[in-house]
Amino acid sequence: MGGVFGHMSHIYDNPYMTFGQIKDVMKKASAGELQGTEKTDGQNLFLSYNVNDGTVRAARNKGNIKAGGMTPAELLSKFKGRGALTEAFVNAFYAFEEAVESLSDEEKVAIFGPDTNIYYNAEVMDPGSANVINYDKKTLLIHRAGHASYDQETGKPIPELSGKEFGEAQSAKLQAALERTQDNMSKQDFKVQVNAIRNLEGLGNDEDLVKALSRLDSFMSSAGVTDNDSVGTYIVKSLDKLISEQIPTLNLEAKKLLIKRIMEDYYGVIEGEAGPKKVRGLETRQIIKVADDSALNAGIKDLATNYPLYLKKMIFPLEDIIHDFAVEMLRSLKSAFVLDSDEELKRQRDAVDKAIKAIEASGNEEAMEILKVQMEKLKDIEGVSSAAEGFVFDYDGNTYKFTGGFAPMNQILGLFKYGRKGIPALAEKKERQRRLKLPTGLMSTIDFTLNEERDENIALYPGKFKPPHGGHFNVAKSVLENPGVDKIIIFVSPKTHEGISAEQAVRIWDLYSKYLPGKVDIRVSDITPVRSVYEYIDEEAAEGENLHLVLGEKDIEGGRFKTAAGRREGVNVAEVPIPPQMGGVSATQMRKALRAGDLETFAAGLPSELSDEDIPAIIRLLGAAVDEISVAANVQGGMISTGSRKGPWNARSVSSFNKEQEKDSKLRGAKEFLQEEEQMVNEVMDYLLGITVG
């Protein structure tokens, strides 16, 4: 689902879910007692309405909510030039607007609040902008979960006006209003509806349930847990064992801190969201200080950084049991938005089978390793068991999902169609006309043909990049997302600019490249980026190659590349213009923020895809050290406040930007472990619970 709503959990994602409860969910599912809704494979969008000016508003992230939502014009601008996706979003938006306009003023306030307060979690499904599942109906689907009233200053849900009961009540209000207005709508091509509540059909017999429960009991026995133990208990015990094996002399207090750090980091409890790499409270240096043994620093840092790899192995046996059970449960689930579910299921299986064979025949070891991981879950083509993505249900006050074979199918098809960094797309290429489309706010795009029969479509992106910022990243990302573009070559100016060197720029681009969806070649120009572009055309480009110069407005107006097109026979060159200060940020502003120590502004200008580790790494790379920041200093200095944040961090995580100054100390020996394993587990779980609710 993603977007504002965030991550929807599998039942093994909740650390407080007990193994007894997991068994209860399975038994209820097998008996046909799970009630919920179909999980759909569309484009997420949050919708609200401003009663003051009579406009529908949309949001894709917290920033949109803080700004009061996107107006129709802003939504159109955001998705302009993106083909079927643009049409789907805009048509769905106006269909929703027409439905809302027929409501009374009292109904509008009750449903959306007096000032664009309440947003509804929705999904746009259009056959013209399909993802994995080919839907037959154009639908703006309002989900049953994820609706909330938001604080516009923080962009976060208001606790007393969010959650399951609030969402259900608001869904009921909106559903009643929509059902009354639907027949009067003129835009019949897009239907606006609330996702229907339905029961997940039970299993015909207990064979699959018995098999799943037997596997679960066997897993629990080997892990040393009981029905009363939680998933979190199992993970804490497993981490305790792992740390004892890898860092046997680590003292008890440091071990507890390390386990707390890993657990809160993985489950994201500070932000209240599940999933790895969220904002953390415990810093590695705190653990190192308590460990008081420099010989253990490397081991501590390794576990604190690479823990997702270990947790993935720990969770997989449980995940696999639940996955296989969900596959069987979903065999009877028919999508309400597909006319012939059996035919669509056959199409999906055929597509996956074709992708598997192509990957296996590619000889690409990295691609085959990815396939191996996904096939461990999918098992075989029969693992794709439903044309629907999955089923969403509530249990004990939380919302969960069964998705069966959809996730591994999605990964396999994505690898086949689009490839990954270092892995080329394997789908058959057909010659077709396309336009290169860039993000919101760009100048009009240039028509040119992408030669998809040959891997000879290269984008050249010259610039100073001192430093590379989010706008630069978004341009590169959009270029690489265009079908047929094989690679982007980034030419960095060799000159140091206001203290930022070419080497630093390259290292930042190297960090960005792991988030870019294609091949990236980063080069430092010998003289200037302009000269490098011409040298590439003259000396390196192959005959028949299509080159796309990604240029700023100044470069185009200055005419520095005016002789590039037609310079060499057999090499096609086209300009792709981009505006200055794309995304509202410039390298000048970024340097100014660094000089002023305004890390909030600097962070806001970095790509949103970066992790919490990436941001301080960039700041350290650029030589910006930050002192410990207290709340008082934040307010007085105007740097970063705890009330809001523009960048992908808050005041708590800012302290992590301090350069770690570790002093070697003599080996003091490991302290004796004075507490039993049960006390360890209880302390960590109580700690997590305290962060979650405190």
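What share of the contacts in the chain with a separation of 6 or more comes from residues 24 or more positions apart? The share is 76%, where contact means heavy atoms within 4.5 Å. The model is predicted: local features need pLDDT of at least 70 and side-chain atom pairs count only at pLDDT 80 or more, while totals for chains, interfaces and linings use all residues. Residues are numbered from 1 along each chain as its sequence is written, and side-chain values use heavy atoms, with hydrogens and water left out.

The chain has 24 helices and 16 strands, taken as DSSP runs (H or I, at least four residues, for helices; E, at least two, for strands) and numbered from the N terminus. Of its 694 residues, 52% are buried, that is, under 20% relative accessible area with a 1.4 Å probe, protein chains only; exposed means over 50%, and partly exposed lies in between.

Helix α6 covers residues 164-181. Its buried residues include Phe166, Gln170, Leu174 and Leu178. Seen down the axis, the buried residues of α6 fall within an arc of 135 degrees (from directions between the helix axis and the C-beta atoms), so they line one face. Glu165 and Glu179, on the other side of α6, are exposed. The cover over the buried residues includes α4 (84-101) and β4 (118-125).

The largest nonpolar core holds 67 residues; such a core is a set of buried Ala, Val, Leu, Ile, Met, Phe, Trp, Tyr and Cys residues joined through side-chain atoms within 4.5 Å. Helix α11 (residues 297-329) gives the largest share of this core, 13 residues. Apart from it lies another core of 37 residues, including Ile500 and Leu606.

Notes:
The expected span of a helix is 1.5 Å times one less than its number of residues.
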